[in-house]
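Hello,

Here is the structure I promised to send over. Please open it next to this email, then read on.

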Amino acid sequence: MLSERESKHHSLMPNKEKVVFFQTNPSGVWTFLNPAWTEITGFTLAESIGKSFLSYVHPDDRQRNLNLFHILSQGQTEDYLFETRYLTKDGGCCSLEVYFRITLDREGQFIGTSGTLKKISDCAARFISDDSPKRETLRDRTVKENKPSKYVKKIAFSSSDYATRSAGSNRYLEVLVEVEHSLLNLDGSIEKYIEILQSLGQACRASRAYICKNCDYDYGGLKFTLKAEWCAKGIQLPIDNHPWQSLSHSECFSNWAKRLARGNIVSSIVAELSASERNILERQGILAILILPIIAKGQFWGFIGFDNCVESQPWGAKEVAFLQAAAGALSLKYERLLVEDELQTEIVETQNFASQLENSVQERTAQLQREIAGRKLIQAELEKLLSLQQATLKSAANGILVMDSKGNITDFNQKFVEMWGIPESLMKLGNYRQALLVAVRQLENPKKYLAAIKEICFNPDAQISNVIAQGESGLRTGFLPQATGIAGPKAIALKDGRIFEYYSQSQRLGGKIWIFSDVTDHKFAAAKLCYQVSHDLLTNLLNRDFFHEYLCESLAKAHQNGSKLAVCFLDLDRFKTINNTLGHTVGDKLLQSVAQRLKKCLRPGDTIARWGGDEFIILLPEIHNLNDVVQIQEQILETLKAVFDIENYQLHISASIGTALYPIHGEDAETLIKHADATLYRVKSQGRNNYQFYNSTINSQASELLKLENSLHYALERQEFKIYYQPQVNINTGEIPKMEALLRWQHPELGLIPPEKFIPIAEETGLIIPIGEWVLRTACAQNKAWQEAFGLPSLSVAVNISPRQFQQTNFVNMVKQILSETKLQNQCLELEITESIAMQNTAFSKKILRELYNMGVSISIDDFGTGYCSLSYLKNFPIHTLKIDRSFVRDLTTDTSNAAITTAIVALAHGLNLTVVAEGVETEEQRNLLRVIECELMQGHLFSCAVSAEDATILLLKKCKFRRVITSFLVA
């Protein structure tokens, strides 16, 4: 129904005699035009309002129009009527009949003009043609004598032919003038509103007229409230009981509200409306309705409505145009009130600021006030504002440049000269074009402004503002953009790194003010904040959130291109030990150094981020084959082998890497990251310092490891751990001088679990600390029991120490306490550490080992030859024993290289007065060869595998010379 009504309304608007209602300010700039202007000329209201009416007058008629406007503005006549030609948007022109009249404020001051424009019909053309000699006389006399003509009024109001044709328009115009006078005296009272509504209602023969105002309500929408109402005689509705009082737009006529908010009118016969709308209006006796929006400063202030309760007929085009002009007058009035309030606020603020100026400024202000004492009040206020503007210009923290309407520089402040580094002499001499060249040369990319600079040089008469406005490729984007009104802030980058923001604002009397602010610090702070949001502040790598977002984008691109990519999850091995031992400062610097090395291993286009803690994640796009990923991972492991020299600490670190490939191992970010993480966990559980690709069995293994981890938390409490012992045998004497304590886990469901399966989990979770302490205490107590049971005071026990346990600050005290509790002699305890543990932090390791050595505790280097190949620590560290790794012993009889290495290790140990033990001896050939190279102590299945404490006791019993029966030689 609404679309049909709109269509019908628009069909009523076109007519033979279109009337344009207009208003201008004192400068001749249009402040109001009704839609008939667009129908006649083709120019839209948006592009016309705010511009001088002379811009649309035919060039040959402009001077005459300007002269008549001056006559009117000087008060020499109240109105005039004449014919002139106006331009149309299609490039042509049309003849219009123009009626101008002056508009005065409450004090009788000239504040603008109002009137009508009519397209001249054939009849009017004949009238003008017959009367052309007299009309020409009027024109000449008006222009030459510069005073009003009685014949203007005669043409406007006395011609019977013309009066009959335009009586309606004059009546509407007279009512508009009355409304404007009423608006000048508008004090907000209902009586004044009713007076305006009565004039408009009677003029258009409406039954009822009313004004509604919009206001906010609690739910964030708008509701309209009836402000005033007038009813014709015989049609009365008490204002307090009006059904539209305090209704929201959502409750009533929501479609109308949307149209009104866009500046459109609502005009219809009630019978053509929808049932819901018709039901509301017919209860009020309304047969036809016209509603016009009131727009103040671009906001939907409210609306004015007119009801016809007598006839069900559409509103005429003239009536609509007339009432649109009235609504426009109301809109202008509310805009003026808002502007007056803002001006008053500005005046108050300026006055407060003026009181704080220096005495010289106060004296100058007083002098200016004395000079303008005889002028009118408004002129005095303008002069006062001008003085304050000058003071503000000089004291402003921003650079300010003032240009007139012709593009010439009229004023500037010292800050502007300082910011741009322009010699002040150029500005004082008025050599503004040379000053502009100085400023442009400082821009980051001045080449794109050369065209504009040449225009200034080769065309001295060119206005600077026009040259500036040559387009996006000229100075518009680099210096001063040519724009109307207030332009938003734009940034200028200078060669020296500074960044300026500039604003432009049009002056009321023409010209522009340019304001420049140095926002270098602000921009850099904003850029820094943006960087911090997306990066890890410690390593300067991408952070977790930004990497995830980037990975999603890369996956979408890979899906579109059909390419492959890899996600590598990397974790530093035993980083927590370094962090907990040496502190977070050293740990942070180690992470920074690792990040730098990792970045050097990547290709252009690869992305690395810090996932958290000691974890990193890498995205490798455009993977052509698996070897691309393998090379990068091997390069990463290789680059981490080199020592890290941080704060006089020689640190070694390795990494474990788990990799998932797209689309083989997952097609979304979450799946790929989860699979890479699961693969990483598997690498760590299998010895670390390696890389693997994801496969389907990893998830099941990860579940098993998770179950083991949960059980491990309670294994010590439930006494599920067992200690097995393997003897070290002196092959020359056949004696057992030492037992090595080896931890085993007897799981109630999974059975005996080997240490290589649960020790990494205990190390990772920190459970290795209490477990290791239990192992050390139990082994020492068992060894003491054996000593007492078999009379073996020299029998020693060897206990393996984990990296995390060794790095504990209370480790030495813990050893002392256990030895004291078990009453085991210090020299009967041997602690085994690996080369990797010793070389992680050489300074710390040396300190701990020295304290243990001074206590008399023996130190053994386990798996010698498989770790870091740095022999200097053998000289610097206080150690007693080297244990040859089983990997060398296994191939001793078949591999000449292994034989050479083993021989060298034995010779090295003897040369340093160290004891040497060969692990993993399983055959007679291995034993014989080791005896040949003078390795006396051996350990392996050839002699005995690792056995329980009971079986180890039997083994010792066989070797013991005195076989006494003692029942307390086992430690629970």
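Below is what was found, starting with how to read the values.

This is a predicted model: local features need pLDDT of at least 70, side-chain atom pairs count only at pLDDT 80 or more, and totals for chains, interfaces and linings use all residues. Numbering runs from 1 along each chain as its sequence is written, and side-chain values use heavy atoms, with hydrogens and water left out.

**Salt bridges**

Side chains of opposite charge can pair when their charged atoms come close. The rule used here asks for a side-chain nitrogen of Lys or Arg within 4 Å of a carboxyl oxygen of Asp or Glu. That gives 23 salt bridges.

Take Arg610 and Asp536 first. Their closest N and O atoms are 3.3 Å apart. Arg610 sits in strand S18 (residues 607–612), while Asp536 is in the loop between helix H20 (520–534) and helix H21 (544–561), so the pair ties together parts that are 74 residues apart in sequence. Helices (H or I, at least four residues) and strands (E, at least two) are DSSP runs, numbered from the N terminus. Both Arg610 and Asp536 are buried. Buried means under 20% relative accessible area, exposed over 50%, and partly exposed in between (1.4 Å probe, protein chains only).

Two other pairs lie within helices. Arg278 bridges to Glu282, with the closest N and O atoms 3.9 Å apart. These two are 4 residues apart in helix H11 (residues 275–282), about one helical turn. Arg278 is partly exposed at 25% relative accessibility, and Glu282 is partly exposed at 46%.

Glu788 and Lys784 form a salt bridge, again with a closest N and O distance of 3.9 Å. Both are in helix H28 (residues 768–790), 4 residues apart. Glu788 is exposed at 55% relative accessibility, whereas Lys784 is buried at 19%.

There is also a network of salt bridges. It links Asp571, Asp573, Lys684, Arg688 and Glu764.

**Helix H17**

Among the buried ones are Tyr432, Leu436 and Val440.

**Gln692**

Gln692 lies in strand S23 (residues 691–693). At 18% relative accessibility, Gln692 is buried. A polar contact of 2.6 Å joins its side chain to that of Gln686. (A polar contact is a pair of N or O atoms within 3.5 Å; within protein, one must be able to donate a hydrogen and the other to accept it, and residues adjacent in sequence count only if both atoms are side-chain atoms.)

Best wishes
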